[in-house]
Amino acid sequence: MANHTAGSTASQETGGSFARLLRSPGALRLVGSLFILEIGSAMTTVGLPLLVMQRYGLGLEVGFTLAARFLPNILLGAVVGQIVDRYDPRRVAMLAALGSGLVVALFPLTTAMWQIQLLALAIGVGYMFSFPATMALRPRVIPDGSELEGNGLIVTAERIPKLIGPALAGPIAAGLGIGWLFCAEAATAVAAAALLLRLPLADAAPSASGRATAPTTATAGGLRAPAPVRWLAAWAGAMAGGARELVRMVRDDGRLSSLTLTAFTYMVALGLGRTFLAAYSLEEFASVPAMLGYLLAAMGLGGACGALITSRFRGWNQGWVYILGNALEGVCWIALIWTGNWILALALLFVAGVFESIASVVYFAEVQKRLPAQLTGKYYATLVPLSDVFLVAGTVAGGLLVGVGGIAWSAALVGLAMAVPVLLLVSRLVPEKPAVPATATAGAVAS
């Protein structure tokens, strides 16, 4: 990031390198915290559907329970930016981790489906706070000039647990029972929060854009609208306000605005891909019951490798790296249409994971360089709930498209949804523009 807030302990040397990054205690603590937290989350990802199916069978309840995590972010995420923007993001991230750990530990004690769904909603609340807070911490601990290396290391720390977590979950569930998976995440949440204790403190003063006004619902003749109408209007106003705020933050930078736009289209593709991959594994590899897990593991391994090699493209125009990463990932998904061999399918998804991770690292690094540190938390707190709306839309559409169009058309749509948007925005993604100068203020960018 070009500008750091007062009190930042990040190194100010120029010229990024992993060696210099590894000498930053704050960066190592943040990476370690994310790594441990993601391992626990990956185990719960395995344990939660198993718990629901074991107690209540397979049905719509499983889908509703897994989808419950996204609802808080969609409904309330627009206001989280105000909290992250006003308070120390380190403390927000710590409290979110500890709160989520406590909630997860309660899953084995539930006696009814509604209790499980309520706890799933509570986990979503924790994620709603932890993600933007963690993003706001990145520019405080990653040295200037090491954005690619730092974000590459962080993406690696997020991808590898998607391999380790499920691998650990199997033996734990088989030997000790499913309930211990939730206890394991509770323990990892405490450890992750402990690693954040000595990260640099943030300024408590709110930024110039930190104050928000609650939307009001005007009614004819001074009559008060029914509560559901008021709530729906307030939610719609918050979402619209968040979208306008996001536009104000990115509109003056063609690359930043294009990165943000394609983040939304990619979430649609991701939702389509989740449904497609489940149907693909069942239809093409019915004799291998665990094939979906292997396909996801191949993508996770590719993602970890891609994050580590992204710094090798430092000399390239980062707009082209982002475009190629998304477009080539789309090609890999489309190529699955002609794949009947499980080895080739795993290889394609491994390569897709590499390209996805490279594009993700470039995205995070470019946002970090181009957005003032004071707005980082607000940016992601606004982006994530809007992104979840697109993710849910893609997931719902995926269920319809796979059933109507079949596997081949679904794979083509996933690939096109990844590749076409970035290709249409080449003229805005490729031109270089200097990052926001260090003297820029949050108010100047947000206004």
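These legends accompany close-up views of one predicted model.

In this predicted model, local features need pLDDT of at least 70 and side-chain atom pairs count only at pLDDT 80 or more, while totals for chains, interfaces and linings use all residues. Residues are numbered from 1 along each chain as its sequence is written, and side-chain values use heavy atoms, with hydrogens and water left out.

**View 1. The whole chain, by fold and confidence.** The chain comes to 17 helices and zero strands. Helices (H or I, at least four residues) and strands (E, at least two) are DSSP runs, numbered from the N terminus. Of the 447 residues, 51% count as buried; buried means under 20% relative accessible area, exposed over 50%, and partly exposed in between (1.4 Å probe, protein chains only). The accessible surface is about 19,500 Å², and 71% of that belongs to carbon and sulfur atoms. Areas come from the Shrake-Rupley method with a 1.4 Å probe; for residues, only the protein chains shown count as cover. Contact means heavy atoms within 4.5 Å. Among contacts between residues at least 6 apart in sequence, 86% join residues at least 24 apart. pLDDT, the predictor's confidence in each residue from 0 to 100, averages 75 over the chain, with 74% of the residues at 70 or above. Confidence is highest in helix H13 (residues 318-335), at a mean of 94, and lowest in helix H17 (residues 442-446), at 42. Residues 1-16 have a pLDDT below 50, yet this stretch has 58 contacts in the model beyond near neighbours in sequence. Residues 437-447 also fall below 50, with 20 such contacts.

View 2. The structure holds seven aromatic pairs. Rings of Phe, Tyr and Trp (its six-membered ring) pair if their centres lie within 6.5 Å; planes under 30 degrees apart count as stacked, over 60 as edge-to-face and the rest as tilted. Phe264 is buried, at 11% relative accessibility. Phe390 is partly exposed, at 34%.

**View 3. An edge-to-face pair and a ring cluster.** Phe313 and Trp316 pair edge-to-face, with 5.1 Å between centres and 85° between planes. Phe313 is partly exposed at 22% relative accessibility. Trp316 is partly exposed too, at 44%. Elsewhere, ring pairs link Phe276, Tyr280, Phe285 and Trp333 into a cluster.

**View 4. Surroundings of Met299.** Met299 lies in helix H12 (residues 291-309). It is buried, with a relative accessible area of 18%. Not counting residues up to four places away in sequence, Met299 touches Glu329, Trp333, Leu349 and Gly353. Leu348 is 49 residues from Met299 in sequence; the C-alpha atoms are 8.7 Å apart.

View 5. The structure holds six salt bridges, each a side-chain nitrogen of Lys or Arg within 4 Å of a carboxyl oxygen of Asp or Glu. Arg370 bridges to Asp253, with the closest N and O atoms 2.9 Å apart. Arg370 is buried at 5% relative accessible area, and Asp253 is buried at 7%. Lys369 and Glu366 form a salt bridge at 2.8 Å, N to O. Both lie in H14, three residues apart, about one turn of the helix. Lys369 is partly exposed at 27%, whereas Glu366 is buried at 2%.

**View 6. A buried salt bridge, Asp88 to Arg90.** The two side chains meet at 3.6 Å, N to O. Both Asp88 and Arg90 are buried.

**View 7. A nonpolar surface patch on helices H4 and H6.** Leu71, Leu75, Trp114, Leu118 and Leu121 make a patch of about 460 Å². Patches are made of residues with over 30% relative accessible area and no salt bridge: like charges are joined within 9 Å, nonpolar side chains (Val, Leu, Ile, Met, Phe, Trp, Tyr) within 5 Å. H4 (71-86) and H6 (113-141) each supply at least two residues. H6 gives the most, with three. Leu75 is found in H4 and is partly exposed, at 33% relative accessibility.
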